[in-house]
Amino acid sequence: MNINLEYIFPTPFWNINITNELKEYDINLEDIIKECWKIKEQDLGRNISNVGKASYQSHDINLFESPKSCFFKMATIINNISQSVYESTWQGFVEVDNAWININKKNGQNRVHNHQATLSGCLYLQVPEKSGDFVVVNNPNESYIYRSYGQLHVDSNNLPIYPEHAAQELFYKPKDGDLYIFPSHLLHYVQPNETDNERISIAFNCLKTWK
């Protein structure tokens with residue numbers, strides 16, 4: 001007996017590595033990282049989703065402030081990709097609104113949160129192995145309902161087997177130069193950095209504009 005299975009109402013999650021795109025603008029990840037450290041020297045940071053002294057988050061930065069800066073060139077790339085993502089489904093325009101720097105040292109992490117925008121994303125500049133997965137969290141209400149249906153099957157280690165429709169979390173291992181874009185309401189967090197090297201990224205929000 002063949003039973004057809006299809007998944008309905010999926011959540012979009014876009015990703016691309018932009019290392020080559022940066023080269024076209026005559027910049028690289030190292031250039032951007034240097035700018036991040038300069039900002040950290042002047043900005044003591046803030047606490048929002050970052051946990052503890054090992055997790056640094058800057059105040060909002062204007063990526064478009066200086067047309068000759070590597071931030072401006074990077075933001076132009078991000079803006080173009082975000083617009084391409086947006087118009088694949090919706091009419092109109094989005095633009096990068098606010099952005100901030102994340103630097104997680106050893107044991108640094110970011111708690112579960114979401115953003116108040118249209119699309120959100122993160123560009124990964126330096127991601128050592130075992131420096132923390134990016135984890136997306138299923139809608140808590142829906143996850144609870146599926147768990148209430150009964151006990152899941154288990155694997156050889158007696159751990160629950162979560163099919164796609166019952167998954168509670170999905171784990172992504174970003175690489176240097178990866179750009180993730182997702183709907184802003186999507187819950188997510190970053191695991192603790194287990195290494196002695198910094199995990200560096202730039203997060204951002206995009207808002208719909210009325211041109």
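This is a predicted model: local features need pLDDT of at least 70, side-chain atom pairs count only at pLDDT 80 or more; totals for chains, interfaces and linings use all residues.
## Strand S6 and its setting in the fold

In strand S11, Gln126 has Ile200 as its bridge partner.

Strand S6 covers residues 119-126, and seven of its eight residues are buried. S6 is joined to strand S9 (residues 178-183) by five bridges, the two running antiparallel. Within that pairing, Gly121 lies opposite Ile181 of S9. With strand S11 (residues 199-209), S6 forms seven bridges, again in the antiparallel sense. The two pairings of S6 are set out below.

| Partner of S6 | Residues of partner | Bridges | Sense |
|---|---|---|---|
| S9 | residues 178-183 | five bridges | antiparallel |
| S11 | residues 199-209 | seven bridges | antiparallel |

The protein contains four helices and eleven strands. Its radius of gyration is 19 Å, close to the 17 Å that the globule rule gives for 211 residues, so the protein is as compact as a globular protein of that length. The C-alpha trace spans about 60 × 45 × 30 Å along the principal axes.

Among contacts with a separation of 6 or more, 82% are between residues 24 or more positions apart. Of the 211 residues, 42% count as buried.

Note on methods
Residues are numbered from 1 along each chain as its sequence is written. Side-chain values use heavy atoms; hydrogens and water are left out. The radius of gyration is taken over C-alpha atoms; the globule rule is 2.2 Å times the number of residues to the power 0.38. Buried means under 20% relative accessible area, exposed over 50%, partly exposed in between (1.4 Å probe, protein chains only). Contact means heavy atoms within 4.5 Å. Two strands pair if DSSP finds at least two bridges between them.
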